[in-house]
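Morning, everyone. I will go strand by strand, then turn to cores and pockets.

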Amino acid sequence: MPFVKQVSIRSAMTDGPVQLIKPKRYGDARGWFTEVYSVPAFANRDISCSFVQDNHSLSVPVFTLRGLHFQTPPRGQDKLVRCIRGRIFDVAVDIRLGSPTYGQWVGAELSAKNGDQLFIPIGFAHGFLTLEPDCEVTYKCSDTYAPDHDGGIRWNDAAIGIDWPMPAGSTPELSAKDTVQPLLAKFDSPFPYNGRPLAPLV
């Protein structure tokens, strides 16, 4: 189920820059087949980036949280994220300078069962929380990893207010880096606003 936290959206566009993609599955007695990426199909959704790197992560404990991450220009990364084992809550936060939806977020549950994917363009911080043990996540990136451009925002920044689906009072499994990421108020965004505000996922 998609989630969104936002104020009024002043745009005639029906699709926001972050998109929830639901590939169709074709099944029979053997199982199913699905096409998860196609250049012309994604171009029809106004997604024209070229992906150059595939990443694959395993998170063993339930409620492992990875994020919120991004790469700064000129090494920004568009991402196409899916969960191929278990379930995750996947989130994108608008960090584009001048955006009317700056600091707001959208999220959706991605799972091996539903096959949904989240497209997260450059200018958004990305993170996810595992909802089951032993979750595997794969994602395509439009640029390779560049440690000198690696950046992040604190996962529990109250100014963003992500409603992570965890039991009250619990703390997620975090990397040492993610426990000390800066708050949004301390972040000097290098990402320009392109005229497309964040919108609810459909």
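Start with strand E8, residues 87–94. E8 is mostly covered, with 7 of its 8 residues buried. Buried means under 20% relative accessible area, exposed means over 50%, and partly exposed lies in between, using a 1.4 Å probe and protein chains only. Strands are DSSP runs of E with at least two residues, and helices are runs of H or I with at least four, numbered from the N terminus.

A word on the source. This is a predicted model, where local features need pLDDT of at least 70, side-chain atom pairs count only at pLDDT 80 or more, and totals for chains, interfaces and linings use all residues. Residues are numbered from 1 along each chain as its sequence is written, and side-chain values use heavy atoms, without hydrogens or water.

Which strands does E8 join by bridges? One is strand E9, residues 105–111, through 7 bridges, running antiparallel. There, Val 93 has Trp 105 as its bridge partner. The other is E11, also through 7 bridges and antiparallel. In E11, Phe 124 is the bridge partner of Asp 94. Two strands pair if DSSP finds at least two bridges between them.

Now the cores. A nonpolar core is a set of buried Ala, Val, Leu, Ile, Met, Phe, Trp, Tyr and Cys residues joined through side-chain atoms within 4.5 Å. The largest one has 20 residues, and those touching the most other members include Leu 68, Val 91 and Trp 164. E6, E8 and E11 each supply at least two residues of this core. Look at Trp 164. Beyond its neighbours within four places in sequence, its contacts (heavy atoms within 4.5 Å) include Leu 65, Phe 89 and Trp 155. A second, separate core has 19 residues, among them Ala 92 and Cys 135.

Last, pockets. On a 1 Å grid over the protein atoms alone, a pocket is an open set of points where a 1.4 Å probe fits, with protein on both sides within 12 Å along at least five of seven lines; lining residues have an atom within 4 Å of a point. The largest pocket holds about 440 Å³ of space, a volume filled by probe spheres set on the points, which are joined across faces, edges and corners. It has 25 lining residues, and those closest to its centre include Arg 66, His 69 and Tyr 139. E6 gives the most to that lining, with 6 residues.
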